[in-house]
Amino acid sequence: MKAIFYEEHGSTDVLQYDDFDDPEIGPEEVLVDIKAGGLNHLDVWTRKGMPSPEELPHIPGSDGAGVVSEVGERVTQFEAGDRVVVEPGLYCGECEFCRKGEESLCVDYKMLGEHVRGVHSELAAVPETNLIELPEHVDFVTAASAPLVFQTSWRMLMTRAEIQQSDSVLVLGASGGVGHACVQIAANEGCEVFATASSEEKLAHAEECGADHLINYEEEDFDEAIKELTDGRGVDVVVDHIGEATWDNSLSAAARGGTIVTCGATSGISPETNIPTVFWKQLDILGSTMGTPGEVDEVMTKVFDGTFEPHVREVLPMSEIARGHEMLESREGFGSVVVVPDSDYDPGEYE
Ligand SMILES: [Zn+2]
């Protein structure tokens, strides 16, 4: 088969698209003929070796969709020809957290494409439990762009922050993958949604996703803008996946008794925290990562029925994977970048 892979960590120069041994399936695995793979920032971090996968050469890619071509002897839910979406979370099923139904807290939690080989290849061997049936009316490209960011956003807002209709929710970096999903989820719950982005074009996109208030963080401090828009009160929930560059302002933008929820720190991992702000305002600071199988099912059902719309910015042949990574790193535009095996790539299809 052809696969995207790299033999060492580094710049986009290490990315190859070439012949690779076909994967072999275990008894509980399914061989998927991959039709589309969604890119995430995680792919960039892993390419750079932060974190390093268990084995090189590494095939990246956590998100994908395709058609089942072969099933292991103990597989019961799928058969050849089924359309499927890949859910990248791997868990042991036996530890105390898995037994409580908190699989994303698993002591051995791993991800396809990060710790082990991913799905940005013509064929991928995926555990049966990591596949979701893809309805006929949803195309592979849209489906492949959704699982990672939508489950992450759903767990952050619904399970961890427990947003209510009466809440005001600030989403930082609202035009990115997690950002645009969080805006849609909060708006769908009836929350008042505040969104930040770096350009008018990106803010217009956040507005389309359901944001009520738009803040260009290049032109004003977003915490000052929040105070003006809320008569000094602040917002109930802040979604901060930016980290060092925004942390202090996020604490400032939260209302008394407010919540900050984080799933990432793309700008840096060690901001200073003013502890008196935390206790005086009685803030809740919550971490969140990925989602449980139940949460994945819940949010993907809403992607499939059109409640949520993943935005796809560009579809590239897998041989242009370096350009895909560059688009993510430069933070130009908005929406997901999706790659398609060169043998299936038809540019006219993705206009
Ligand atoms: Zn476990």
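Residues are numbered from 1 along each chain as its sequence is written, and side-chain values use heavy atoms, with hydrogens and water left out. Because the model is predicted, local features need a pLDDT of at least 70 and side-chain atom pairs count only at pLDDT 80 or more, whereas totals for chains, interfaces and linings use all residues.

The zinc ion is held by four protein donors, namely the SG atoms of C92, C95, C98 and C106, which lie 2.3 to 2.4 Å from the ion. Donors are here N, O and S atoms within 2.8 Å of the metal (3.2 Å for Na, K and Ca), and since water is not among the atoms, sites may look incomplete. The angles that the four donor atoms subtend around the zinc ion run from 103 to 118°, and the arrangement is therefore tetrahedral. Four donors receive this label if all angles lie between 85 and 135 degrees; four count as square planar and six as octahedral if opposite donors are over 155 degrees apart and all others between 65 and 115, and anything else is irregular. Along the sequence, the donor residues follow the spacing C-x2-C-x2-C-x7-C. The pair C92 and C106 links distant parts of the chain, with C92 in the loop between β6 (89–90) and α2 (96–99), and C106, 14 residues apart from it, in the loop between α2 and β7 (110–111). Helices (H or I, at least four residues) and strands (E, at least two) are DSSP runs, numbered from the N terminus.

C92 counts as partly exposed because its relative accessibility is 31%. C106, by contrast, has a relative accessible area of 6% and so is buried, and C98 is likewise buried, at 8%. A search of the whole structure for disulfides, defined as pairs of cysteine sulfur atoms within 2.5 Å, finds zero. R99 is placed in helix α2, where its relative accessible area of 69% makes it exposed. The C-alpha atoms of R99 and M300 are 23 Å apart in space, and the two residues are 201 apart in sequence.

The largest pocket holds about 1300 Å³ of space. Its lining comprises 49 residues, of which H41, W45, V178, H241 and T266 are the closest to its centre. A pocket is found on a 1 Å grid over the protein atoms alone, as an open set of points where a 1.4 Å probe fits, with protein on both sides within 12 Å along at least five of seven lines, and lining residues have an atom within 4 Å of a point. Grid points are joined across faces, edges and corners, and the volume is the space filled by probe spheres set on the points. At least two lining residues come from each of α1 (41–47), α4 (147–160), α5 (177–188) and β11 (192–197). By class, the lining has 23 nonpolar, 22 polar and four charged residues.

D231, with phi of about 55°, lies in the loop between α7 (222–229) and β13 (235–239), and it counts as exposed because its relative accessibility is 76%. M290, with phi of about 45°, is placed in the loop between β15 (284–287) and α10 (293–304), and it is buried, its relative accessible area being 3%.

Two further residues illustrate how sequence separation and spatial separation can be set side by side. E162, in the loop between α4 and β10 (168–171), counts as exposed at 52% relative accessibility. E162 and V126 are 36 residues apart in sequence, and their C-alpha atoms are 32 Å apart in space.

How values were computed: Buried < 20%, exposed > 50% of the residue type's maximum accessible area, 1.4 Å probe, protein only. Nonpolar A, V, L, I, M, F, W, Y, C, P; charged D, E, K, R; others polar.
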